[in-house]
Amino acid sequence: MARQGRGIFAEMFKDFIKSFKPKNFTKGNLIGTDYMGTKYFEVPADPQRGVRRPHRSFEPSVADKFDQNLPAEWEAWLRGRRKDPPTEEEINKNLGIIKLKEKNAAELKLKFPSKASENISQKKGMQSFPSYSEYEHAAGIRLDEKPEK
């Protein structure tokens, strides 16, 4: 019975030759885009090459701006927390919720103008902490009591 190959040395030689061949560095398959114009790609898993999980990446709408905010659905997909990419219906629903919250916040800001910036005191150190009359100011001394001399 003849041998079917030359064994481990033949495999090593084949892998050595393959290492000189140019690799296909593609972005992968375009999976989708978000409402900001960011494109999302996926390179499928290839168990024969030892890649068990798909590689996911994105291309920002503005070149070289990789620190932009991503929608939560797409970020979860990129990080592998969800298996399937978000659907258009899901993205549109969440975008509608975001717009509604922005509109409600603007209405509340007009209805209740903030005076918080006027009330901020410029105290520093221990005086900047709030003080309450029901609590002791120091051990055995309350604020409403005067210390004995």
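**Close-up 1. The pairing of β1 with β2 in a predicted model.** Strands β1 and β2 run antiparallel and are joined by 4 bridges, where strands (E, at least two residues) and helices (H or I, at least four residues) are DSSP runs numbered from the N terminus. The model is predicted, and local features need pLDDT of at least 70, side-chain atom pairs count only at pLDDT 80 or more, and totals for chains, interfaces and linings use all residues. Residues are numbered from 1 along each chain as its sequence is written, and side-chain values use heavy atoms, with hydrogens and water left out.

**Close-up 2. The open sheet.** In the order β1-β2-β3, 3 strands form an open sheet with antiparallel pairing, and two strands are said to pair if DSSP finds at least two bridges between them. Because β1 and β3 (55–59) stand at the edges and each has a single partner strand, one side of each is left without a neighbour in the sheet. Neighbouring strands of this sheet are turned against each other by 25 degrees on average, direction ignored; the axes are lines fitted to C-alpha atoms, for helices over the stretch in contact, and angles run from 0 to 180 degrees between N-to-C directions.

Close-up 3. Residue T38 lies in the loop between β1 (29–33) and β2 (39–43), and T38 is buried, with a relative accessible area of 0% (buried means under 20%, exposed over 50%, and partly exposed in between, with a 1.4 Å probe and protein chains only). Not counting residues up to four places away in sequence, T38 touches several residues, including F58, Q68 and L70, where contact means heavy atoms within 4.5 Å. The side chain of T38 also makes a polar contact of 2.8 Å with the side chain of Q68; such a contact is a pair of N or O atoms within 3.5 Å, and within protein one must be able to donate a hydrogen and the other to accept it, while residues adjacent in sequence count only if both atoms are side-chain atoms.

**Close-up 4. Aromatic pairs.** A search of the whole structure finds 4 aromatic pairs, counted when ring centres of Phe, Tyr and Trp (its six-membered ring) lie within 6.5 Å, with planes under 30 degrees apart called stacked, over 60 edge-to-face and the rest tilted. The rings of F16 and F20 have centres 4.9 Å apart and planes at 90 degrees, so this pair is edge-to-face. W74 and W77 form an edge-to-face pair, at 5.6 Å centre to centre and 90 degrees between the planes. Y40, F58, W74 and W77 form one aromatic cluster.
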